[in-house]
Amino acid sequence: MKFGISYSTPHFGVDPANLSRFARDAEDLGFESFYVPEHVALHPGAKIGPIELDPSLPYGDPLECLTFVAAGTRRILLGTGVLLLPYHHPVVLAKRLATADLLSGGRLRLLTVGVGALPGEAAAAGVDFATRGRRADEAIDVLRLLWAGGADGVSHAGEFFTLDTVCSFPKPVGGDLPIHVGGSSAAAARRAGRCGDGYFPGGLLDPDERRRQFELARAAASEAGRDADALQHTRWGSIAMSEEDAEHLAGQGVTRVVVSPTTADPVAQREEMAAFAERFALVRPVGPVG
């Protein structure tokens with residue numbers, strides 16, 4: 001099992017010194033990956049389930065933050081948890097993702113996309129909330145089409161996006177990026193199976209629903225003629241989790257656990273991260289990845 005760490009910009013802030021220090025600590029301690037969340041716009045009264053979001057929370061742009069982190073690290077993989085795909089035009093996003101991947105030396109390997117849960121956020125981005133799932137499905141197709149296309153261009157005529165011999169360069173390292181799917185719904189699980197490289201379910205699901213959703217993702221992969229065993233399974237975890245907790249998750253087919261410190265205090269963050277790294281004997285790889 002692999003272990004990632006999430007830097008919560010809404011709670012830890014976007015101070016560049018803190019962000020870079022946190023990322024270097026995570027890399028030095030042997031964490032595999034570094035995640036950043038996204039909200040593009042909030043509003044008073046915005047709620048996700050029972051949780052009301054303070055509209056002044058400083059959600060930094062995840063790709064800008066990850067590119068900044070890449071400049072100060074050498075090997076830690078970069079991920080979004082999650083990038084709200086329907087609120088980004090895929091032609092613009094394809095360029096941004098490819099550039100961030102190139103600048104990081106091919107480390108943007110854990111792009112995780114979701115569809116969002118706030119109607120007001122969708123409205124602010126000019127997106128019909130009811131269509132966000134279909135829009136995300138088509139955007140994934142367009143991203144991959146653009147990355148695969150050559151100098152003769154690619155074309156696409158869909159419900160939301162139309163391209164006529166469009167070229168998108170530079171390409172990601174290796175020509176493509178893995179796309180993981182995050183979310184808390186059966187639709188997200190099916191999307192992960194149909195077209196994702198992994199599934200990252202939300203943190204508010206009960207154990208039975210988590211099990212059902214991953215089974216649904218695997219079934220959707222098989223129905224689409226894909227290898228269900230190749231589907232990665234990422235889960236949120238507690239930074240205080242025990243080895244027994246990890247073994248239990250591994251028994252459920254979990255590939256990766258992402259944790260986050262419980263405090264914004266830099267010293268206490270480092271202590272929590274170091275204790276976790278010692279508990280799980282994380283070992284820093286030698287040399288850069290990618």
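**A buried residue and a helix pair**

Tutor: In this predicted model, Glu38 lies in the loop that runs between β2 (33-36) and β3 (47-48).

Student: What makes Glu38 count as buried or exposed?

Tutor: The relative accessible area of Glu38 is 6%, and buried means under 20%, so Glu38 is called buried.

Student: Which residues is Glu38 in contact with, leaving aside its neighbours within four places in sequence?

Tutor: Glu38 is then in contact with Tyr59, Pro62, Val82, Leu83, Leu84 and His88.

Student: Why is α3 described as roughly parallel to α4?

Tutor: Helix α3 (residues 62-71) packs with helix α4 (residues 90-103) at an angle of about 15°, their axes being 9 Å apart. Because angles under 35 degrees count as roughly parallel, α3 is roughly parallel to α4. The crossing in which α3 passes α4 is left-handed.

Student: Which residues of α3 and α4 meet, and how do they divide by kind?

Tutor: From α3, Leu63, Glu64 and Thr67 meet Leu93, Arg96, Leu97, Ala100 and Leu103 of α4. The residues of this contact between α3 and α4 comprise five nonpolar, one polar and two charged.

Student: How do you know where the model should not be read in detail?

Tutor: The mean pLDDT of the chain is 96, with 98% of its residues reaching 70 or more. Over residues 285-290, however, pLDDT stays under 50, although the model has eleven contacts beyond four places in sequence for them. Where pLDDT is low, the predicted coordinates should not be read in detail.

Technical notes
Residues numbered from 1 in each chain as written. Predicted model: local features only at pLDDT ≥ 70, side-chain atom pairs only at ≥ 80, totals over all residues. Heavy atoms only, no water. Axes fitted to C-alpha atoms, helices over the stretch in contact; angles between N-to-C directions. Helix = DSSP H or I, 4+ residues; strand = E, 2+ residues; numbered from the N terminus. Parallel < 35°, antiparallel > 145°, perpendicular 65-115°, else oblique. Left-handed = near helix turned anticlockwise from the far one by under 90°. Contact = heavy atoms within 4.5 Å. Nonpolar A, V, L, I, M, F, W, Y, C, P; charged D, E, K, R; others polar. pLDDT = per-residue confidence, 0-100. Buried < 20%, exposed > 50% of the residue type's maximum accessible area, 1.4 Å probe, protein only.
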